[in-house]
Amino acid sequence: MILIIVLKKKIHLSHVDLVLLNILQKVILTILVKYIYKALLLKEYMKLTTKGRYAVMALADLAGFDRQNPVPLRDISLRQNISLVYLEQIFLKLKRNNIVKSIRGSSGGYILNKEPEQITLLNIFSAVDEKIKTVQCNRDSKKGCNSKLTKCITHYLWDDLELHINDFFDQKNLGDLLKNNQERRI
């Protein structure tokens, strides 16, 4: 906007040149708005927190051990370099959601409640209240994500991406992580 005002004053432009300059300004602003919008969406809505990432890491670690004997959180904490206090908070949620069960006593710890192939990454994220969202608004809401009555122009693009991401996490399980990790070590 300022560029156009400066150019108008400094250079005597014809009416056609001014029209082209206005079009150029609108194109630049559109590109800039799209870039900012995408950056904000990716930064704010597609970010997996450490809670979700650490839950997956800890459960993959747990799944890699003997399924009959409990594994202490202290051992997982040391191997994966995750705070023990943070792991305790995560495992409380995992236990509450029947992903793991705890065994008390001197040789206590945690074991998986199911086979690793039966625990999807989406199950884990849900258990620790991790949500993968790419739009601000509720999918079923009539109100749009930009506080207007309609959905924004790119809403359905981001909504489709969210479906793909969640579908991906629903198809991947702890067994897949173990298998991939073993294949890469060979």
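## Burial and surface

A residue counts as buried when its relative accessible area is under 20%. By that cut-off, 32% of the 186 residues of the protein chain are buried in this predicted model. The chain's accessible surface comes to about 13000 Å². Carbon and sulfur atoms hold 57% of that surface.

## Fold layout

The protein chain has eight helices and two strands. Along the sequence, the pattern runs α-α-α-α-α-β-β-α-α-α. Take the contacts between residues at least 6 apart in sequence: 65% of them join residues at least 24 apart.

## The largest nonpolar core

In soluble globular proteins, nonpolar side chains tend to be buried together. Here the largest nonpolar core holds 30 residues. Leu59, Leu62, Phe91, Leu94, Val100 and Ile124 touch the most other members. Two or more residues each come from helix H3 (50-63), H4, helix H5 (84-96), strand E2 (109-112), helix H6 (121-127), helix H7 (155-171) and helix H8 (174-185). H3 gives the largest share, seven residues.

Leucine 62 shows the contacts in detail. Setting aside residues up to four places away in sequence, leucine 62 touches Val71, Ile76, Phe91, Val100, Tyr110, Ile111 and Leu112.

## Arginine 74

Helix H4 spans residues 73-80 and includes arginine 74. Arginine 74 has a relative accessible area of 51%, so it is classed as exposed; the cut-off for that class is over 50%. Arginine 74 and leucine 84 are separated by 10 residues in sequence. Their C-alpha atoms lie 6.2 Å apart in space.

Definitions and conventions:
Residues numbered from 1 in each chain as written. Predicted model: local features only at pLDDT ≥ 70, side-chain atom pairs only at ≥ 80, totals over all residues. Heavy atoms only, no water. Helix = DSSP H or I, 4+ residues; strand = E, 2+ residues; numbered from the N terminus. Buried < 20%, exposed > 50% of the residue type's maximum accessible area, 1.4 Å probe, protein only. Core = buried A, V, L, I, M, F, W, Y, C linked by side-chain atoms within 4.5 Å. Contact = heavy atoms within 4.5 Å. Areas by Shrake-Rupley, 256 points an atom, 1.4 Å probe, with all protein chains shown as cover.
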